[in-house]
Amino acid sequence: MAKPPFNPRPEGSSGYLRVGLLLASAVGVGLLLQLLLGSSGIGGEDFAAASPLLLKGLGLTIFITVTSVLLGAMAGAGLLAGLLQPWPPLKIAIRAFCIAFRGTPAIAQLYLIYYGAGEIHALLQEAHLWWFFRDPLNCVIFTFTLNSAAYQTRIIHGALVNLPREQTDAALSLGLPRLVALTRVLLPQALLTALRPLGNELTKVTKASSVASLVTVLDLLGTAKYLVGQSLDFGFYILAAMLYVLLVGAIRLVVDAIERHLTRHLSPAG
Amino acid sequence: MLQVLQFGPGGWGGELAAGLAVTLALAASALPLGLIGGLALAFATHSRRAWVRESAAALAGAFRGIPELLTLFLVFIGGQRLINLALPLLGLNGRFEFSGFLAGTLTLGLVFGAYASEVFLGVLKTLDGSSIEAARALGLGRWPVLRFIILPELFRLGLPGLSNLWLSTVKQSALVSVVACDELMRKSYLGATSTGDHILFYGVACLCYIAITTASEAALAAWHRRLSRGRSRG
């Protein structure tokens, strides 16, 4: 008689709903406090002036995340193809790339690329690449594309090698060419198990991309930093934090819904 | 070009080594904080009281959603303000200054705790309770059951997840450089800006981080194998 050792707790998306409700009440309490304490900033004209800026910052954060993860997925597909080749030097090089980008902080990668590009700008100018690297936003997207490519390669490769060996055997014994077996039999299954870590990758880049604010990019955190610097009102950081929590929560909801939709054939209850 | 990395006067080798030590100290001091915080949050999520459950879940969810850099600002600036607001109420005079290291430790611990609670909750779900029932039947009290049955299992099964969190914490510690904590990333930044050798300094910093993460990954994997000796799976 396996009795659950702790109070069972309802699981699933209702948790997010409750977090959302809690957040909404937190926003309410925050606004009330601002009004009661009579402090400037969030409860007044400043807020009206700041909110379009913050929303613009939020938009830029979403843009950086989506662009980097999509470009990272394309680069990751190339890296994955390389990993599946039998030629060892290529495999070793790709492994080294993944270790380098997964083993270092995003801030170090961004500084290396952003300030490093400045150091060798004469060379880059000769190669006609300076127009790209002189813009900090491009450096941020470039950094997170490579970063995300390394993580996505690792996620999908991990899911692929963990598939039962029989799947490959069955596909090949049916006479499917290797490429068809990979793209029509193995990858769809691997992507299904990789869905959750890939969703986490999306929220991770959303959060990690806030280091863009350190190289003068006005993403959500950069905008909040600018507004705090202008008004000395710390409340903008709290507001930005709430927007980040809402954004990450929204991404989780969407990923959960996609996962439920794609795995609906796997469990009779789902 | 490499002589700027020399140890001794005129070289940055000693500075970088000192920064590396601070980085390790930052991550290591955040670890106990995060483990205890994570355990507390996980058990609070199983509380009998609804408001404890809901606030623990909301707290962990919030700190999993806020970027670590912003959490650092919230702790560094907001924490300092809160303490300075509270000091007069406690009848104390003077101003409290948060050091970058303290803010960094608190932030990394907070983030580690928020994620560790998720790891612990996942493990708690897989425990079927038979060993707990057996221990209770033997007459063990609440605390011994927790100390000798639940915690060792939680730790052993949670170790892979906790290992990942440790690697994240090492990497996140680089963010603490922005609140003037003299760890590896800030020393590299200072070296890079004063010599102009950005690629060299950030390259060396990256190599140091790779060394820490690969070494701890290998050590933690070996530890997990050791803890799982004599077990068929898990």
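A crossing of two helices is left-handed if the near helix is turned anticlockwise from the far one by less than a right angle, and right-handed if clockwise. Helices α4(A) and α7(A) cross in the right-handed sense.

This is a predicted model: local features need pLDDT of at least 70, side-chain atom pairs count only at pLDDT 80 or more, and totals for chains, interfaces and linings use all residues. Residues are numbered from 1 along each chain as its sequence is written, with chains lettered from A and ligands numbered from 1 in the order in which they are written.

**Helix pair in chain A**

α4(A) spans residues 106-119 and α7(A) residues 136-161; they pack at about 135°, axes 9 Å apart. Axes are lines fitted to C-alpha atoms, for helices over the stretch in contact, and angles run from 0 to 180 degrees between N-to-C directions. The pair is therefore oblique (under 35 degrees is roughly parallel, over 145 roughly antiparallel, 65 to 115 roughly perpendicular, the rest oblique). Among the residues that meet are A:L110 and A:I113 in α4(A), and A:V140 and A:F142 in α7(A).

**Chain B against chain A**

In all, 45 residues of chain B contact 37 residues of chain A (C-beta atoms, placed from the backbone, within 7 Å). α8(B) gives the most to chain B's side, ten residues.

| Contact | Nonpolar | Polar | Charged |
|---|---|---|---|
| α4(A) with α7(A) | nine residues | three residues | no residues |

Ala, Val, Leu, Ile, Met, Phe, Trp, Tyr, Cys and Pro count as nonpolar, Asp, Glu, Lys and Arg as charged, and the others, Gly among them, as polar.

Notes:
Two residues are in contact if their C-beta atoms, placed from the backbone, lie within 7 Å. Helices (H or I, at least four residues) and strands (E, at least two) are DSSP runs, numbered from the N terminus.
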